[in-house]
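Hi,

Here is the structure I promised to pass on. Have a look at it first, and then read on for my notes on what turned up.

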Amino acid sequence: MVTSVNPPPQPRTSPPQPTDAWQQLGPPLPEGVRVRVLRAAYGNPRAAAELVPLLTERQAAGLDPLPAEPAALAPQLLRAHRLHIRALPDDTRLLLLLAAADQYPVATNAFLRAVAAAHLDTRALEAAEAAGIAHATASGVVFRDAWTRVAAYESGSSADRRDVHRLLARVLHGDGEAPRRSWHRGAGALGPSARLTAELGAAAHEARELGDHLLAGALGERAAALSPDPRERSRLFSRAAADAWHRGDGDRARGLVSASASEESALGGMLALRSGNATEAFDGLLTAAVRHARAALEQGSVLNRSAGDQGSRSAQPERFSTPDDPYPYPYSSHPYGSWDSHPDAQSSYSVPNPALDTAVHLLARATEAAVYTGDLRRCREAATVAARLGVIPPGTLAGLAAAVEGRYEDARNLLKAAAGRCGPGGDPTLLIHSGIAALLLGDHSGAERATVRAAASARARGEAVTVPQAMEFRAYADFWTGRPRAAEAAAADALWQAYATGQDNGACHLQAALAMFAAVTGDGEVCRERAEAARTHARAHGLGLPAALALWALAFLDLSTGRFESAAARLRALAGFGPGHGHRAIRHLATPHYVEAAVRTGDTRVARAAHADYDRWAVAVRSADDLALSARCRALLAPGAEAVDHYRTALDLHAHGTRDFERARTELLFGSALRRLRHRTEARDRLHSALEAFETFGAPHCATQARAELRALGAPATLTSRPTDLTTRLTAQQLMVARMAAEGATNREIAVRLALSPRTIDHHLRGVFSRLGIRSRIELVRLLGDVGL
């Protein structure tokens with residue numbers, strides 16, 4: 001069972017620094033497990049190296065959570081630190097124990113007050129300073145590292161620990177300090193206490209409302225440990241698991257779910273959705289939704305019955321969680337915020353019903369799982385069950401389901417309603433869904449606003465688990481609006497955060513996105529490595545969305561390097577959508593590239609049908625960029641001079657859109673068509689404009705195509721001026737690698753920090769040296785220093 005006094009500290013916000021000894025461990029761990037091992041070890045490579053041989057086969061594969069307690073993480077390292085602590089004088093050890101209890105697992109900032117209240121002599125800390133273990137500051141004690149702090153606490157006897165916690169509780173009587181006072185009272189308790197359990201539970205609820213999930217989780221776990229009632233203990237563990245999940249500690253959340261022994265846990269379904277098999281997650285979430293809906297009926301709730309028409313929808317209002325509510329999620333974690341915020345929501349009851357709220361939430365997550373898998377049958381099944389229960393998921397998920405079924409007008413209306421709910425503040429998941437809806441509608445500026453606000457809101461609420469999800473979709477917005485380097489950097493950062501928070505399925509999607517960015521920026525080796533990693537995970541976990549995106553990335557790499565047959569074959573394969581293989585939404589988005597590849601290979605029959613469906617969507621949503629791409633497809637499929645007017649229409653529409661990269665692709669294709677028609681002057685202007693854009697974007701393969709067209713035209717194939725800023729000459733990934741290498745990091749260290757292989761880092765450095773015209777790391781250090789990077 002998970003104990004309650006010593007949960008790990010808050011998640012790190014930046015990757016730890018490993019060593020070669022850690023890198024050389026075998027057998028190799030999955031990237032998600034590797035990142036979480038380093039995180040669990042507080043970034044200490046020695047502790048990480050000690051932990052790996054202790055993992056079970058299932059833990060090493062990522063199937064079971066990692067150990068939660070320090071003693072189980074690195075017993076030998078902790079033993080060595082304890083020996084150093086025990087060599088100190090008794091009064092020094094007491095002060096260190098007091099300081100550690102004041103800092104761990106939550107900071108209570110009461111050390112100096114406790115020292116004054118107990119009349120302790122802080123000169124005893126001089127021995128700790130002389131030993132290099134800790135030093136005193138004006139605000140308290142600073143330990144050498146996290147493991148020293150843990151050892152200082154673990155070295156104290158049980159009685160001494162209880163005494164220092166009681167002392168800290170006595171001095172915590174200021175405004176807003178009640179939850180932390182309760183924490184120390186609970187930590188100083190001798191055994192089970194219904195009174196203390198109630199106090200700690202109420203304090204956890206207060207901390208949760210303030211967005212402090214670390215404190216709420218610590219209070220909840222201690223309350224569970226002190227509860228004499230097994231049923232109440234299970235409920236408290238479930239709530240503590242939700243707090244651990246929100247703050248980004250997926251391993252502890254999974255351990256607490258097991259400790260709760262609750263078959264009703266909604267969080268279990270969420271964990272399966274984020275890191276397990278998405279198909280199984282769908283089945284479990286849908287079954288749980290039906291079970292909770294039936295429970296609501298048994299409680300006497302009146303469910304609105306849907307008329308079966310998606311246009312006439314009804315929904316039930318969500319309610320704030322209360323201390324007695326068994327639902328383990330705080331209000332802010334609900335995917336849509338309050339149902340009352342939806343103008344089309346109607347309520348037929350006024351009494352809060354937690355079972356119905358849970359059913360609504362689980363049904364929404366089941367629909368999300370269905371969309372993730374790309375399984376059309378499951379999307380329809382979720383919609384059928386929703387209609388039968390009188391609960392239809394609003395906004396983005398319902399819009400996606402409608403789009404998958406080809407109901408484009410319904411999809412447009414639902415997505416527009418969802419995209420419009422992205423005001424300042426608000427629920428971060430609702431904002432993410434608003435951003436996704438905006439992306440699907442072609443409103444990339446709106447998507448950026450929504451996702452930036454989502455990340456800010458998630459950080460303010462202490463919901464670290466939501467931040468990488470927001471960053472993921474912000475990367476798409478950056479990419480399509482002509483900022484591929486910013487997109488790549490955001491996605492690489494989000495990838496590490498997804499792994500660290502236990503969201504391997506989200507990391508898989510980010511791997512696929514990074515494969516697409518690598519395809520555009522000409523890093524073929526990275527593209528193939530990322531795509532293979534994404535497809536391998538996707539096949540094992542039933543994820544159609546990232547599998548399709550990875551295949552699209554490989555197809556675009558082929559398309560931009562002139563391998564048209566291969567590109568067309570890959571893009572045709574997207575038609576076989578389903579769990580672990582493909583996705584209809586990605587197939588649809590890739591249509592303009594498929595039409596281009598098909599025309600190049602002379603096979604236009606299927607391309608015409610694909611374009612007809614794409615045009616129907618573009619007309620329905622009335623997005624300038626989608627309409628421009630549809631016009632480009634029409635130009636590619638038109639004979640000879642007929643194409644010219646369609647290209648002009650496409651460029652006129654691009655002028656009102658935001659997809660600058662696709663505008664440059666349209667200019668490239670138009671310039672090529674004009675060259676064949678012997679319109680030399682306009683062809684040269686279009687091709688030079690495309691070449692300049694590709695150089696700015698850092699898309700060398702596309703730039704090579706533009707130069708080839710210019711050479712065929714007999715025009716200069718170089719720009720009159722080239723950018724000198726390093727940020728425009730290197731991709732975002734190359735720039736990060738260059739900076740780390742210049743700081744002295746080894747290739748293996750850089751590989752772990754960026755979740756890549758050392759071989760890929762070698763490839764990146766060769767690219768950096770080639771683009772900058774240098775031959776060694778010494779020159780790289782000098783060059784980056786000269787430009788202030």
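This is a predicted model: local features need pLDDT of at least 70, side-chain atom pairs count only at pLDDT 80 or more; totals for chains, interfaces and linings use all residues.

**Cavities**

With that rule, the count comes to 13 cavities of 30 Å³ or more. The second largest cavity holds about 190 Å³ of space. It is lined by 13 residues, and the ones closest to its centre are Ala403, Leu440, Ala585, His588 and Trp617. Two or more lining residues come from each of α21, α22 (408-419), α31 and α33. Which of the elements gives the largest share of that lining? It is α31, with 5 residues. Sorted by class, the lining of the second largest cavity has 9 nonpolar residues, 1 polar and 3 charged.

The largest cavity has a volume of about 730 Å³. Its lining is made of 38 residues, and Ile436, Leu440, Phe473, His509 and Leu545 are the ones nearest its centre. You'll spot Leu440 close to the centre of the second largest cavity and near the centre of the largest one too. The elements that put two or more residues into the lining of the largest cavity are α19 (354-373), α21 (395-404), α23 (428-440), α25 (467-480), α27, α29 (544-560) and α31 (584-589). By class, that lining splits into 22 nonpolar, 10 polar and 6 charged residues.

**The largest pocket**

Now for the open space. The largest pocket has a volume of about 890 Å³. There are 34 residues in its lining, with Ala61, Ser275, Asp504, His537 and His541 closest to the centre. If you want to find the pocket by helix, go to α2 (31-40), α16 (250-260), α17 (266-275), α18 (278-298), α27 (504-520) and α28 (524-541), each of which supplies at least two lining residues. The biggest contributor is α28, which gives 7 residues. The lining of the largest pocket divides into 15 nonpolar, 12 polar and 7 charged residues.

**Helix pairs**

A quick reminder: two packed helices are described by the angle between their axes and the distance between the axes.

Helix α26 (residues 484-500) packs against α27 at an angle of about 160°, with the axes 9 Å apart. The two are therefore roughly antiparallel to each other, and their crossing is left-handed. On the α26 side, the contact involves Ala487, Glu488, Ala491, Ala492, Ala494, Leu495, Ala498 and Tyr499, which meet Asp504, Gly506, Ala507, Leu510, Gln511, Leu514 and Phe517 in α27. By class, that contact has 11 nonpolar, 2 polar and 2 charged residues.

Next, α33 (residues 605-621) and α34 (residues 624-637) pack at about 155°, and their axes are 9 Å apart. That makes α33 roughly antiparallel to α34, and α33 passes α34 in a left-handed crossing. The residues of α33 in this contact include His611, Tyr614 and Trp617, while those of α34 include Leu627, Cys633 and Leu637. By class, the contact has 10 nonpolar, 2 polar and 4 charged residues. Trp617 is one of the residues here, and it is also among those closest to the centre of the second largest cavity.

Last pair: the axes of α11 (residues 158-171) and α12 (residues 178-187) come within 8 Å and cross at roughly 155°. These two helices are therefore roughly antiparallel as well, and the crossing is again left-handed. In α11, Arg162, His165, Arg166, Leu168 and Ala169 meet Arg181, Trp183, His184, Arg185 and Ala187 in α12. The class count for this contact is 4 nonpolar, 2 polar and 4 charged residues.

**Two backbone details**

Most residues other than glycine have a negative phi, and most peptide bonds are trans. Where does the backbone depart from that? The peptide bond from Tyr104 to Pro105 is cis, with omega near 10°, and Pro105 is in the loop between α7 (90-103) and α8 (111-117). His119 is not a glycine, yet has a positive phi of about 55°; you'll find His119 in the loop between α8 and α9 (125-130).

Cheers

Conventions. Residues are numbered from 1 along each chain as its sequence is written. Side-chain values use heavy atoms; hydrogens and water are left out. Axes are lines fitted to C-alpha atoms, for helices over the stretch in contact, and angles run from 0 to 180 degrees between N-to-C directions. Helices (H or I, at least four residues) and strands (E, at least two) are DSSP runs, numbered from the N terminus. Angles under 35 degrees count as roughly parallel, over 145 as roughly antiparallel, 65 to 115 as roughly perpendicular and the rest as oblique. A crossing is left-handed if the near helix is turned anticlockwise from the far one by less than a right angle, and right-handed if clockwise. Contact means heavy atoms within 4.5 Å. Ala, Val, Leu, Ile, Met, Phe, Trp, Tyr, Cys and Pro count as nonpolar, Asp, Glu, Lys and Arg as charged, and the others, Gly among them, as polar. On a 1 Å grid over the protein atoms alone, a cavity is a set of points where a 1.4 Å probe fits but cannot get out, and a pocket is an open set with protein on both sides within 12 Å along at least five of seven lines; lining residues have an atom within 4 Å of a point. Grid points are joined across faces, edges and corners, and a volume is the space filled by probe spheres set on the points.
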